[in-house]
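Welcome to this short tour of a structure. Take a moment to look around before we go through it step by step.

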Amino acid sequence: MQNLNLLSAQWVAPTVDYHGLAPELVVAGGLCLVLILDLFIDERKKWLLSIISSFTLLAAMIPVITLALSETSVRSMFGDRYVVDNFSLVMKGVFLLAGYVVVLLSSSHVEEGEYWRGEYWFLLLSSLLGMLMMTSSRDLVSIFVALEFLSIPAYMLAAWRKRDPKSNEAGVKYFMLGVFASAVMLYGMSLLYGVTNSTLLVDIAAKTTATGDFAAVQVLAVVFVIVGFAFKVSAVPFHTWAPDTYEGAPAPVTAFLSVASKAAGFVALVVLIYTAFPLAQDIWQPFIWVLSALTMTVGNVLALKQKNIVRMIAYSSISQGGFVLMPLAVAGMAGSGSSALRSVVLYMIIYAATNLGVFGVILAVSRKTRSGEVSSFGGLFSYAPTLGVLMTLFLASLAGIPPLGGWIAKFAAFQSLLQSQSTWGYALAIIGAVNSVIAFGYYGNVMREIWMRPVPDGDTTPIQIPGSLSLALGITSVATLTFGVLPGVALHFADLAEIAGAIIR
Amino acid sequence: MNMLRDNNWVLSVGTFLPILGVVVMMLMPKAQDQAVKFVALVTSIATLAVGIFTAMKFDFDQAEKMQFVAETKWISVIKSSYLIGVDGISLPLYLLSMVITLLVVIYSLNHLPNPGKPKAFFALLLVLQTGMAGTFIAQDLILFFVFFELVLLPMFFMIGVWGGEQRQYASIKFFLYTMFGSALMLVAFLALFFKTGAESFSIPYLIENGGSIAKNVQIWIFAGMFVGFAVKVPMFPFHTWLPDAHTQAPTQGSVILAAVLLKLGTYGFVRIALPILPLAAREWAPYIGGLAVIGIIYGALGCLAQSDMKRLIAFSSVAHMGFVMLGISTLTSFGINAAMFGMVAHGLITGMLFFIAGSVKERYHTLEISKIGGMLTQMPRLGWIFGFCCMASLGLPGLAGFWGEFPAILSTYNPAAGLNVTVYRVFMVIAALGTVFAAAYLLWLYQRIAFGTPKNNSHDEHSTHEELHDVTTHEWLAWSPLLIGILVLGIMPNLLFSVFDPAVQVTLSVFGG
């Protein structure tokens, strides 16, 4: 009897800040609703599920906004293991809006294909829920749980077209390499726990530091954890899964993977660097420098050779990942920490808008051409001028040409590199500058097809764009243009996004 | 720096009015070709009207001061603001861009190159105009950069869609070259920003504070800017995109490229690179001068070797921009005044020559010099106009070209203090030789095309006698302002020199005299 009392006395239910958890709860509720409804509604009414999914994501935006407006700027739960700070709110907003656009991109695609619709929406929402959790996780365990939560549904989504061998290949490759990456990362995490005796990032920060040199085990731990996320963000040389997965997966899923899933990887990377390894910059800075230089260069050079548009965009997104990594290579240097964080967040916001737009156009065009070749864009401007202009805008933004969003993203990345006033920063900036020129080689190639080449087979039947797809294109193009002409809009959010408890500034 | 802020709305209106025209065009339903042309014409006339209003309100007695200055927050997080203004250096170029755009629109009303698509064509033209005008009024490096880049895509499409047979190659080459230059330029701008205390991107601020940067750092930053601007000018050895771009671009594209876009580079040197980094400018000046004279001779030799009329004019641009850069490299007010004049004169003359090349192509269906002959007997008016422009281009006294070329050569006799006089006098001799070459290639070109007997047998079979009509009304409308400009500026060069000079003096004050 006394024992029981003791047990019950020891276990105190943690106080849960339901307001802080509201976005996650809304999405969780929505995905349960989708799952249950899928069992009961008629096959012809399955389109309702996409509506429910999109409204779930919009509804989840409401608590994000109220949280942003509330007096409490940082809400800390479960012994500081789950933190809602400005960084996590901004990123939650990005994930929810990106998810909303992905739903818009998917709805006609999923309706027209003979796929399992209910499960599609369920998996998509699950993955998004994992991403929302990732933004707030400040503990190795919760980071790992969030990572698996967002990855496992994504593996299944990649293999969605189950009668298409390419889609199967995509799913299997993604799964195998993803699990391998998780294993490496877990090993790193276990070493970290061994060294620091804690899984809480803040505790790890205090103990992952060198009085003299770093112990080998510390170096291994930090590097392994970063490698795990390098897989997730498809940084070279851990990128090999990305082109095959992107090409084989259904196009909306590819859009989701290349934007949201990649951003989730960066979120984790940033959180770890800023809260767990701030004093170990001598380990990760050179490592990320090399990763960044390799990623943008290799991604670019391989993209130049691609004939398939989705493969090309896959390599382009690898290379864009290198640009996101760029400022992190100097994040530990005095004075550049906060500007590096700002430019990473800014890059993710703008890249999300632009790349989703690219996939919107690809989806619309492939409805007519049923082809993934770059040449299927031939003469697009002559028979679908709006799509042609939109694709041009998105590609120009990816190439970083003012006055489209991408330029300010690249600019901010260069800025934080130069702010470090270090040789490493200057050198990486030059590499980045050269790469942004190379990138135009393949973006320009698609523009050339759109504007200057004849229509393949002379087939100029107009393209029917479903309403949801038009809405997605509208949102992404307005965002891309606005961020470019009035960069303050995006920069404002990026500037707000501070990680509570981050040590490097 | 003193700034006048009266009427500060005019510059924004003049710059962004074309965008309004584009928006109107986009909202119009399909297949309204005439309406599209009308909107383009009205927009460009209105833009020029605002430009003329600007010039009327411009206080020429204080041409050294920034006028119509407007400043608003733009990207406050990175300390860049929307800061615009014009002084004596920018005003003529700002107006030039508006005039050229209007003339190109007039010319395009019934000379739309294949494959048509008037809506896209005029929309790009107007976006181009905003970019050009914006570059000349921007007083903030980031704003300058955005406008500088804004011209890239429209020009890329203009060459690539409406150009000649090799258009796709030429357009991508143009784009990659320019983008490479501007990427390095941007890195240089950022380095400049941090080396001056990360306070502001505003050009007046940087002019005040840039001089205190250590010399070796200045030299590196200058190198980045140099690549960016030199590609645009283009200076030898970054010029190879120019002949391709010019040859393949449609007439309208060539005219704008020659008349305005090339000036963005030289303007960048005068407005940004020299005054902000005076120590580096001194170190770089002899090299710039050296590349400039190489450009003069190389361009001239290139001209002599061409069999295609348009390509020949393109190479003559390389030579002429060499004179402009030579004037800038002296770092004297005399030289820079000459360079500024040379920019405007080259804009008028070479723009006109490309117009003529377009008309020749339209009539003869070829630009092969050997297949054209006897223009004076077939089309006397066109022949005479062509002759007039050739004379202006080779620097005949009394026409505008003279005042860009001759003072530039003269200025090298006495470069700024601290520069090696011997080296510059060698440059002077070489540049003077260049003018002889210029006379040679232009007169030879004129002789082969205008003199002799018409080569009817070598014409394309489509080229009937009716097509060989003389100058049309549209052409007269588009050309006469340029022709009058060439003549008036040739006779009264002081019209321009008096506007440039005060601003040039202020720009050079950083060199200590």
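Where in chain A is A:Arg138 placed? In this predicted model, A:Arg138 sits in the loop that lies between helix 5 (117-136) and helix 6 (140-158) of chain A.

Is A:Arg138 buried or exposed? It is buried, because 26 other C-beta atoms lie within 10 Å, and the cut-off for being buried is 20 or more.

Now let's meet some contacts. The table leaves out residues up to four places away in sequence.

| Residue | Residues in contact |
|---|---|
| A:Arg138 | A:Asp80, A:Arg81, A:Tyr82, A:Val83, A:Leu201, A:Val271, A:Thr275 |
| A:Ala158 | A:Ala170, A:Gly171, A:Tyr174, A:Thr245, A:Ala249, A:Val253, A:Leu257 |

A:Ala158 also belongs to the largest nonpolar core, which has 406 residues. Together with A:Met348 and B:Ala273, A:Ala158 touches the most other members. Helix 14 (residues 337-369) of chain A gives the most to this core, namely 20 residues.

Next, turn to chain B. You can find 20 helices and two strands there. Its C-alpha atoms fill a box of roughly 70 × 60 × 40 Å along the principal axes. Buried residues make up 63% of chain B. Among its contacts with a separation of 6 or more, 79% come from residues 24 or more positions apart.

Terms used:
Residues are numbered from 1 along each chain as its sequence is written. Chains are lettered from A and ligands numbered from 1 in the order in which they are written. This is a predicted model: local features need pLDDT of at least 70, side-chain atom pairs count only at pLDDT 80 or more; totals for chains, interfaces and linings use all residues. Helices (H or I, at least four residues) and strands (E, at least two) are DSSP runs, numbered from the N terminus. A residue is buried if 20 or more other C-beta atoms lie within 10 Å of its own, exposed if 12 or fewer, and partly exposed in between; C-beta atoms are placed from the backbone. Two residues are in contact if their C-beta atoms, placed from the backbone, lie within 7 Å. A nonpolar core is a set of buried Ala, Val, Leu, Ile, Met, Phe, Trp, Tyr and Cys residues joined through C-beta atoms within 7 Å.
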